[in-house]
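Here is a friendly walk through a two-chain model, meant to be read with the structure open beside you. Take your time turning it around as you go.

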Amino acid sequence: MAEELLKIQNVSKSYAGVRALDNVNMSIGKGEVHCLVGENGSGKSTLIKIIAGVVKPDEGEIIINGKTFRNLRPIDSINEGIQVIYQDLSLFPNLSVAENISLNQLIVEKRRLINWKEIKDIAKKELSNINREINLSERVENLSIANKQLVAICRALIQNAKLIIMDEPTTAITKREIDYLLSVILDLKKRGISTLFVSHKLSEVLQIAERVTVLRDGKKIGDYSADELDYDTLSFYMSGKEVVSSPFSYEEKHGRKPMLEVKNLSKKGDFKDISFKLKPGEIIGVIGPLGSGRTELALSLFGLNKPDSGEIYINGQLVRMDSPQKAISLGLSYLPEDRLHQGLFLRQSVQNNLVVTILKKLLNKFKLLDHNKKYKYAKEWVNRLSINVPSLEAAAQALSGGNQQRLVIAKWLATDPKIFILDSPTVGIDIASKNNIHNIIKQLAREGMGIIMISDEAPEIFRNCNRIMVMIDGSIVRELNTVDITEDELFDMLSSN
Amino acid sequence: MLGKYLKETRTTTLFILMVGAFVVMSVFLPGKFLTLSNFQSMSSQIPEFGLLAIAIMLAMLTGGIDLSVISIANLAGVGAALILTGSLFPQLGGGYGEILVIIVAILFALVISLLCGLVNGFLIAYIEAPAILATLGTMSIFSGIAIVITRGYGITGFPESFLFIGNGTIFSIPMPLIIFIFCVLIMALILNKTSFGFNLYMLGSNPIASRFSGINNRGILVRTYMLSGFYAGLASIIMISRVNSIRPGYGSAYLLQAILVCVLGGVDPSGGYGNISGLVIGIIMLQILQSGFNILAFSPFSKNVIWGLMLILVMVLNFYSSSFSKRPKKLKIQ
């Protein structure tokens with residue numbers, strides 16, 4: 001390994017008795033591209049905050065450029081060339097590219113007056129240093145996410161960054177943009193600048209990193225060279241569990257008549273000319289990057305986004321999906337993309353969250369709520385999907401991500417749907433829960449439910465669907481059967497689009 | 001668990017405060033507070049602003065507010081008064097009995113209040129106007145219409161039997177109090193035992209999730225504001241009967257008090273939380289203070305200052321108590 005830039009020795013940190021980090025060692029060499037992976041709550045964020053000097057470790061020391069810090073302050077960290085780019089990038093959307101890049105520099109120099117020419121010069125120089133070009137006077141909010149990242153990187157470089165830490169940089173960008181980011185990183189590497197990625201997307205981790213450090217429950221599991229890892233071993237290291245994922249095979253035992261048929265569905269600005277059929281027992285995967293129109297299409301099918309033209313047939317009947325109530329009455333359910341805001345009533349009890357879709361079943365003959373029945377129903381569903389709850393009265397926000405998602409799934413299964421649309425069902429969920437949710441979905445399909453699963457993770461789609469539709473810029477560009485390709489082929493196909 | 005515990009302690013705290021206020025008033029105003037006449041006057045005032053407070057609570061539970069309740073009460077009261085005095089449908093008084101006139105007047109008032117609520121509900125649910133602006137606008141419109149109709153003068157002189165509603169007693173319990181208790185029980189039933197009530201709370205705690213769950217948000221909102229208007233109409237009938245007159249602007253002091261009682265009673269102004277028992281305790285507590293201030297001959301202006309200060313104080317306390325209850329949660333996440 002090259003010369004060490006950063007070394008973390010025996011670092012521990014506890015919050016209210018919970019050990020967030022337990023005796024962690026890690027080192028990053030000059031010019032190295034390093035990846036830090038771990039599930040939610042594994043201590044990744046705490047570790048980054050310690051490196052940035054924002055959080056003080058209880059024990060251990062941090063050595064940067066050979067200097068030992070026992071009490072690292074944020075300003076020390078910055079002076080030593082450590083720059084953190086958080087997930088939201090912390091840019092000023094209403095300011096120009098040039099201003100965003102140069103502003104920190106001016107603040108550090110405590111300038112009171114602004115020299116516009118100087119602002120542009122600084123920004124131009126920094127961009128040309130990494131051989132990239134962006135219109136300097138464009139407002140940052142109009143840039144693509146990849147270019148926004150570039151602006152954030154330039155802003156970091158201007159402060160003599162030697163190590164750039166990027167928190168979940170690939171969550172919102174497309175394959176092509178990831179490649180672009182990677183090429184920028186390689187340029188940085190040539191200049192001896194190191195990068196530390198924090199990510200939970202395993203396939204991308206393997207694509208980008210040279211070395212990978214895995215954290216689990218605050219402990220370091222190990223350092224690995226990216227060459228010696230593959231998706232399954234990495235997910236094993238992260239979760240500590242051998243995840244058995246059985247591939248889904250569709251059997252045509254529930255009839256061949258499509259339960260859902262979409263013909264030439266279009267909505268201006270969202271999607272165009274979408275046609276497909278869903279048969280009972282099928283799981284169709286819709287894969288495409290953020291902004292490809294995948295969620296808008298799902299919303300249209302659920303009556304929340306009125307299409308401009310095209311037809312939707314349920315069991316051969318032409319229907320107008322003008323409200324979620326209509327969609328539900330036709331046997332549709334929709335697990336929304338944003339579990340916290342669209343799926344759950346966070347402050348309401350588990351019980352209330354569960355019965356919200358089936359209230360009509362809980363009324364007695366005077367049309368009044370039967371609270372005993374409500375309790376029984378809620379209890380039954382909590383047991384059926386093994387949702388781990390402190391009590392039925394606990395607020396939904398007290399549950400872990402996996403349990404919250406099972407709660408939303410349960411609330412829909414209670415309506416006894418025929419067609420279930422799941423939008424990004426396992427985002428931000430630990431691997432064991434993820435697998436459990438996948439198994440639930442596959443079991444539902446085997447029982448004859450028609451399922452549409454939307455995701456931007458190729459392995460998730462490949463391993464759980466029998467048919468895949470690739471959606472780019474509002475159109476379905478490819479439709480294929482999972483059995484006809486390998487996971488790598490799917491991955492390549494997505495990269496080339 | 002924690003949430004429930006806090007919710008329950010909140011009602012208990014409120015109850016203890018109410019008892020405290022009662023004891024303080026009894027001790028420091030001997031021979032004035034603990035009198036039958038004082039209790040009678042208290043129980044005749046509680047129903048009026050109590051019903052208005054319930055009306056505002058309903059809107060608050062959806063995350064909105066209804067500033068127009070007093071104006072609705074005024075307009076409905078004017079409508080009823082026009083029939084009661086024979087200015088509208090004078091033929092009713094002729095061949096038909098007095099009772100029929102009274103029934104028609106009450107129904108007319110309630111229909112007006114439902115229509116006013118419908119206007120609010122339409123603006124908020126379909127035009128998606130912020131509730132505070134929509135009802136501020138309609139507040140001005142409804143009371144404006146009432147003033148135009150009456151040219152600003154009061155209408156007085158209602159049939160004798162109509163006055164029973166506001167002044168009569170059954171087994172020496174004032175009639176308004178009986179009506180109020182009945183209305184509170186009905187509202188408790190609506191909120192806790194009907195699907196409308198359940199959906200109202202869900203909509204209030206997260207309107208996006210309720211829409212995604214197939215709840216008809218617009219329908220719920222329209223019905224909520226209509227119900228709110230309806231309770232304002234009921235308040236107006238009691239009010240005009242008690243004072244045997246109506247003049248636009250009656251009860252305008254109740255608006256601040258009704259909002260204060262809601263917040264005091266634990267209704268979350270951002271929606272989704274609050275129950276009728278907390279509200280009722282808040283109403284009684286405010287009335288105890290109110291009559292104490294009356295006995296001490298506080299001017300209406302100084303009372304206004306006190307109510308305003310109380311409203312701010314309750315919100316400051318809410319802020320600190322909620323940041324206390326959030327603290328352990330933050331630690332858990334780490």
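## Chain A as a whole

Chain A has a radius of gyration of 25 Å, which agrees with the value near 23 Å that a compact globule of 497 residues would have. Please keep in mind that this is a predicted model. Along its principal axes, the C-alpha trace of chain A spans about 75 × 50 × 45 Å.

The secondary structure of this chain comes to 17 helices and 20 strands. Of the 497 residues in chain A, 46% are buried. If you look at contacts in chain A with a separation of 6 or more, 69% of them join residues 24 or more positions apart.

## Strands to look at in chain A

For a parallel pairing, turn to strand β16 (residues 332–335) of chain A, which pairs with strand β17 (residues 419–423) of chain A over four bridges. A:Y334 stands opposite A:I421 in β17(A). Which way do the residues of β16(A) point? A:L332 and A:Y334 point one way, A:S333 and A:L335 point the other way, and all are buried.

## Where the chains meet

How many residues of chain A are in contact with chain B? There are 30 of them, in contact with 20 residues of chain B. On the side of chain A that touches chain B, β2 (18–29), α10 (324–329) and α11 (339–343) of chain A each supply at least two residues. The residues on that side of chain A divide into 18 nonpolar, eight polar and four charged.

## Chain B as a whole

Now for the partner. Chain B has 14 helices and four strands. Its radius of gyration is 21 Å, close to the 20 Å that the globule rule gives for 334 residues, so chain B is as compact as a globular protein of that length. The C-alpha atoms of chain B fill a box of roughly 75 × 55 × 35 Å along the principal axes.

Of the 334 residues in chain B, 44% count as buried. Among contacts in chain B with a separation of 6 or more, 80% are between residues 24 or more positions apart.

Let us finish with helix α8 (residues 175–193) of chain B, where B:L185 is found. α8(B) has 19 residues and reaches 27 Å from its first C-alpha to its last, close to the 27 Å expected at 1.5 Å a residue. The residues B:M175, B:P176, B:F180, B:M187 and B:L191 of α8(B) are buried. Seen down the axis of α8(B), the buried residues fall within an arc of 125°, so they line one face of the helix.

What does the face of α8(B) turned away from its buried side carry? That face has the exposed residues B:F182, B:L185 and B:I186. B:L185 counts as exposed because 11 other C-beta atoms lie within 10 Å, and the cut-off for exposed is 12 or fewer. B:L185 and B:I276 are 91 residues apart in sequence, and their C-alpha atoms are 9.0 Å apart in space.

How values were computed. Residues are numbered from 1 along each chain as its sequence is written. Chains are lettered from A and ligands numbered from 1 in the order in which they are written. This is a predicted model: local features need pLDDT of at least 70, side-chain atom pairs count only at pLDDT 80 or more; totals for chains, interfaces and linings use all residues. Two residues are in contact if their C-beta atoms, placed from the backbone, lie within 7 Å. Ala, Val, Leu, Ile, Met, Phe, Trp, Tyr, Cys and Pro count as nonpolar, Asp, Glu, Lys and Arg as charged, and the others, Gly among them, as polar. The radius of gyration is taken over C-alpha atoms; the globule rule is 2.2 Å times the number of residues to the power 0.38. A residue is buried if 20 or more other C-beta atoms lie within 10 Å of its own, exposed if 12 or fewer, and partly exposed in between; C-beta atoms are placed from the backbone. The expected span of a helix is 1.5 Å times one less than its number of residues. The arc is that of the directions from the helix axis to the C-beta atoms. Two strands pair if DSSP finds at least two bridges between them.
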